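Reader: I am new to this structure and would like a close look at a single part of it. Could you take one residue, describe its surroundings, and then follow the chain onward from there?

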Amino acid sequence: MSPVAVIVVTWNSAKVLPGFLAALPEGMAGLDWRLVVADNDSADDTVEVLHELAPDATVVQTGRNAGYAAGVNAALKAVDHGVALICNPDIRMRQGCAKRLVDSLGDGVGIAVPLLYEEGRDTPHHSLRRESSVLRALGEAVIGNRRAGRFPRLSELVTDPGAYRRPTRADWATGALMAVAADCRAACGPWDESFFLYSEETEYCLRARDLGYATQLEPSAEAVHLGGDSQVSPRLWSLLTVNRVRLYRRRHGAVATACFRAAVLLRETSRAVLGRQASRAAVAALLRPGALS
């Protein structure tokens, strides 16, 4: 059996890498593994930190800020066709996390994800998602995604506490850390590089599901995620919002896409009126000519 390939994409990640690397041995306990890092032309000391703290790692330098999916693809080209553990550098795996994920693969499960905690919080992050629909986008616009999450037809967000206490299958999940089975990798092929950042994991999970491979939460596997910039950065929130609509358009017709875009626009406009700067930027991005091209 090939070693599990730990795939990490970095871009100016020098500050978060030491913590990731320090947690890696415990997180990977019980597995044979190798670390492969694709660096998207970092301008800080990311590569130097890797050479110093992880001298045995394979470092693939893309030579440009190619985006997350492109980085994943570059790293995957450097490994055997086995299980891949794809993770952000701001993940901190807890003891035995990776083995529990790998052991949960099979029997129709092509992608396994852990229980994620935000830094400093004791309750798990709502990381499971349902596929986008016009009704769900409208529900989130009118009553908010967390309140709407109680009603599966009205929100993408899975908020049922019970779903995070048992192995639960979902249409897709937050892509901060996921184990991908070898046969799922082979069936799905490369990640879609047209999504520079955000929605690439959504597209991959939905593609896997279409091919018969489920995404499943394994609650006994735990990790802490330090991320969250998209919630505060207008630029990143705009990219996330536009890519949601772009992905929806890939899978639906023009009329449905127009309705979905309108529902998303309603949500962001209502929040922009309340003074949310990130939503103001998202509205401008959605209304920009050629935004979805």
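Author: A polar contact is a pair of N or O atoms within 3.5 Å, and within protein one of the two must be able to donate a hydrogen and the other to accept it. In this predicted model, the side chain of Ser 132 makes such a polar contact with the side chain of Glu 156, at 2.5 Å. Ser 132 lies in the loop between β7 (128-129) and α5 (134-143), and because buried means under 20% relative accessible area, Ser 132, at 18% relative accessibility, counts as buried. Apart from its neighbours within four places in sequence, Ser 132 is in contact with Glu 156, Arg 244, Tyr 248 and Phe 260.

Sorted by class, the contact of α5 with α10 has 10 nonpolar, 1 polar and 3 charged residues.

Elsewhere in the chain, helix α8 (residues 200-210) is mostly covered, with 9 of its 11 residues buried, among them Glu 200, Tyr 204, Leu 206 and Arg 207. After α8 comes Gly 212, which has a positive phi, near 100 degrees.

Methods: Residues numbered from 1 in each chain as written. Predicted model: local features only at pLDDT ≥ 70, side-chain atom pairs only at ≥ 80, totals over all residues. Heavy atoms only, no water. Helix = DSSP H or I, 4+ residues; strand = E, 2+ residues; numbered from the N terminus. Buried < 20%, exposed > 50% of the residue type's maximum accessible area, 1.4 Å probe, protein only. Contact = heavy atoms within 4.5 Å. Nonpolar A, V, L, I, M, F, W, Y, C, P; charged D, E, K, R; others polar.
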